[in-house]
Each structure stands twice: as structure tokens, then as C-alpha cells.
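Subject: Model handover: pockets and helix packing

Hi,

Here is the structure I promised you. Please open it alongside these notes.

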Amino acid sequence: MRDEAPTVTKNGIPHYRMFIDGGWVDTAERYEIVNPATEEITATAAKATTDHVDTAVAAARRAYEEGSWRRTPPVERAAVLDRAATALAARMEEIATISSRETGMPIRSALAIAVGFPQMHLQYYAELTRTFEWVRPAPITGQVLHSGLVKKEPVGVCAGICPWNFPASIAVWKSIPALAAGNSVVLKVDEKTPSFALELAAILRDAGLPDGVLNVVIGDGPTVGEHLVKHPDVRLVSFTGSTDTGRRVMANAAETIKRVLLELGGKGPNLVLDDADLDLAVDGTIYGFVLHAGQACESGTRLLLPASIHDEFVDRLVARLETLKIGDPLDPSTDVGAVMNAAQRERILGYIESGKTEGARLVHGGGTPAGPEFDRGFWVQPTVFTGVTNDMRIAREEIFGPVLSIIAYDSVDEAVKIANDTEYGLAAGVWSRDNQRALDVADRLEAGSVWINDWHNMSQHLPFGGYKQSGIGRELGPDALTEFTQDKSITVDMSGDLSRRAYGLVLGTPPKH
């Protein structure tokens, strides 16, 4: 009988196995998956070696070359994605709970981000696969009578490298558009958060995806991830992570001229204009930097306030932060959960100390919450600094935690200049009651996504990616399908007449027979 589930129970604890060539693969060595809110071991996972990467890539290449999925008509590929979306929706609460235990994300957020968004994105790409222009005519004009067409074809074996912060959504972004386009995929998932990608693999297999087309390995970046990036049979690498690691991915991919998609760091400027709805902007600002304890690359971590409303806005912001509940991620009333691990907590607290040292004024948070319920787990209070200048570390470097730097400005021109004074360009926001005024400011911001009177609005219909050192390429929307395809142009002679060719440029006048 075929083994259906990615997990087995060992010593009373769930154990995740890798998914390679349609089956589950275990290892003697394993990772321990720790609940960030309790520090308890909630599961273990198989630990990949470079040999597992080689096996997974070989399976993906064989599946691609055999072509059973690549040659499947788009409408049939879409049907597989539809069935997977339905199956995922049926397990929403179960998978959200697992994700919350893995990541420390509050269950309310996990229901939307760990299951709701991926399920919507599966449905979206199913429909887009049916309607996408896989082949388009390309009329040719000129002396030679030809007809032309352009085909969007798959790239081959694609590698997706997923981070720990949003393992569900990003696993979908790395795999589903690639599969929709007919590619084979090897996902390298983070050893701290492997569950969703493995559940997705099982769901897709049961929905009809052929063996070898999707493979999931669990491992670290420096060994397993780097080997995957360098593998000569991988034709495209899609990576989400830090800008520093993105540079290394890009350099390693260059050895074999791979295509790369990079979604990297951010330091999102959040511009409040003097005519903004303050209630809306306050709540939106908090959502922008506190969601998932600030562990999001597109977080709005630099708040630019006009001097005329600065003090009132800060007072409202701090008062609203006081209403948030920090605590057990599985409690539906919890607003802010734990950060990922001890190293992440210490990194964030170190930046908070640097803000104090550099002269910023701490007006909220600044440490770990008090109380016996926080004796275990990895906690950081939402933290707000005022008096920040754009040359401070807390304003320039990606903290990846719930830390907000507030910078005052006197004119919109000054605010735009400060906003763009960064190596990053992933996301930005503008708050104003005047949409045209906000649009005018948005046009001047150097960011791949600009939200007006909102934040974290990650629509499956719109491309997502960065300017400058925030990345290369786009995820989501039709652009994602385009990223995972390559163009083939085909021309057909329509005349059948040798005299209509351009051959005479080389051969002269043809002899008479």
C-alpha cells in the first residue's frame, strides 16, 4: 500500500519525511522543530544531504524530459491545481494550527496567511493557467512571406528556496506558477518550518501531479541550498531571503548561467501625509510593522510623519499599541506572537540597544514582556522610536522584528527623499484622504509595491518584487507565469518560392534548370 502522509510518529512526536520522486524519504539524522512560544519540540524532520539534492534534481529532470506533465494541456494542469485548492481548503484549521506552532504566528493570522492566501493563490493560478496566452501569433511584414508565432515554454528544472517566516505562502509562490507553466520543481524548505510544503506535495500528488514533478528537501542554506543552486541540471533558482544571501545565490547561479528570481530585504518607508485619516493610518501603521512580529521583508518599519501632526500621531500610536495582546499564538484573542527563535530575539534586542545608543528616543516597548507566561519562548515587545534620523542603524538596516523608527519631515519633497535614501526598494506606503495626491507621491517612490491607505495587501493579481537591492523578478500575478517560462519564436514560410528568399545575399542568382 502506498504511504500517503508526510508524517510518521516517533517517540510520540510527529516526524516529517522528505518528498522525492513521489515518495517519502527519511534519514537517520533529523532536525528538531521547536515551538517559538513554548520552546517545546513539536516535531522532528528528516535532514537532507547533498546526495538527497542530487536524487531530487535527477527525479525532476527525468520527469521533465519524459514530458508527461510538460506536455499536459494547460486546461488539465489547471484541473490538478483546482483539486489541490479544494483539498487545502478542507484542511484549513489543521494546517493553520501546525503552522502556528512552527512559526509562533497568532492563529488568526495563520488561518489567513498559512492557508487562506495559499488556497486563493492556487485557485488563481488554476484559472490563469486556463486563460494565459501560451501561444500568440506574431505577424511578419516584409518582402519574404512568412508567418510567425511565439510560444511560452517551461524552463526545465526549477529550484525554489523558501525562508522560515512565511513558509506556506512562499512555498506556493515558488512552486505553483512553475508547475502551472509545465516545469519540474525542487523545493528546499527551511529546517525550522517544513510542514506546509510537505503537506502541499502530498495534496498535489493526490490531485494528479505525476511523480518527480515536485520534490521537497529539508535542509540548511550553506550546504543543501548552495548545492541546489550550483547544480548543473537546475535551470532557474527562485530565492526569498536576506539581501546578503541573495548576492551569494546570484553569484553561485552565475557559474551555470541560471535564471534567478530574488525577493530580498526591505526597509519599507511609510509616508503619512498631513491630510491622512489618523485612525486609519495608526491602525495601518501597526499592522504594517507588527504583523508576524515584524518578521516580514515588506514590513513598514520607517514611519515618516509631518512635523505638524507628529506628536498627536505618536500619542495615538502608543495608545493603540497598549491595547494589543501578546501571548499564546493558539489563543484566538492573541494579537502578537513569538519571534522565531533565541537568535532572532537577540538580534532584534541588539538593534533596539543600538537605537538607544545612537540617540533615538524609545517611546514604547523595548524589551521582552513581563510575566510568568513569558519565561519560556522567544518574545519581543512591539517597539517604537522617535527622534530617528535616516543615518541610524535602526533606520537603514533590516531588523526583521517589530521595531518602528519614526522620522519627522517638513515637506513632502523631504519625505520622498528620505524614503528613497535606502539600498532597499521592496514596499512603501502613503496615507492621505486625497487619492490623487497619494498617487502623485507613490509615483515618486522607488519601490516595487506601493500601498495607498493600506499595508501588506498582497493580492494574487498583482506582481510582487523589489527595486534596487530588494531583488530581481516578480512573483504573483501573470508576471509569475512569465518568469517561469521562456520564449520560443517559430516562423513558417508561406510562399514556397525560392525567388522570395533572401538567399541571394549570399548565393547570388540561382542557376536555371
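First, how packing is described: axes are lines fitted to C-alpha atoms, for helices over the stretch in contact, and angles run from 0 to 180 degrees between N-to-C directions. Helices (H or I, at least four residues) and strands (E, at least two) are DSSP runs, numbered from the N terminus. This is a predicted model: local features need pLDDT of at least 70, side-chain atom pairs count only at pLDDT 80 or more, and totals for chains, interfaces and linings use all residues. Residues are numbered from 1 along each chain as its sequence is written, and side-chain values use heavy atoms, without hydrogens or water.

Helix packing

α7 and α8 pack at about 40°, with their axes 8 Å apart. They are therefore oblique to each other (angles under 35 degrees count as roughly parallel, over 145 as roughly antiparallel, 65 to 115 as roughly perpendicular, the rest as oblique). Glu226, Val229 and Lys230 of α7 meet Arg248, Val249, Asn252 and Ala253 of α8 (contact means heavy atoms within 4.5 Å). That contact divides into 3 nonpolar, 1 polar and 3 charged residues. Here Ala, Val, Leu, Ile, Met, Phe, Trp, Tyr, Cys and Pro count as nonpolar, Asp, Glu, Lys and Arg as charged, and the others, Gly among them, as polar.

α2 (residues 74-90) and α6 (residues 195-207) pack at about 125°, axes 8 Å apart. This pair is therefore oblique too. On the α2 side, the contact uses Val80, Leu81, Arg83, Ala84, Ala87 and Leu88; on the α6 side, Phe196, Ile203, Leu204 and Ala207. By class, that is 9 nonpolar, no polar and 1 charged.

Pockets

A pocket is an open set of points on a 1 Å grid over the protein atoms alone, where a 1.4 Å probe fits, with protein on both sides within 12 Å along at least five of seven lines; lining residues have an atom within 4 Å of a point.

The largest pocket is lined by 39 residues. Trp164, Phe239, Gly241, Ser242 and Thr245 lie nearest its centre. α8 gives the most to this lining, with 7 residues. α7 (221-230), β12 (236-240) and α11 (342-357) are among the elements that each supply at least two. The lining has 14 nonpolar, 11 polar and 14 charged residues.

The second largest pocket has 29 lining residues, with Ser109, Ile113, Tyr287, Leu291 and His292 nearest its centre. α4 supplies the largest share, 5 residues. By class, the lining has 16 nonpolar, 7 polar and 6 charged residues.

Best wishes
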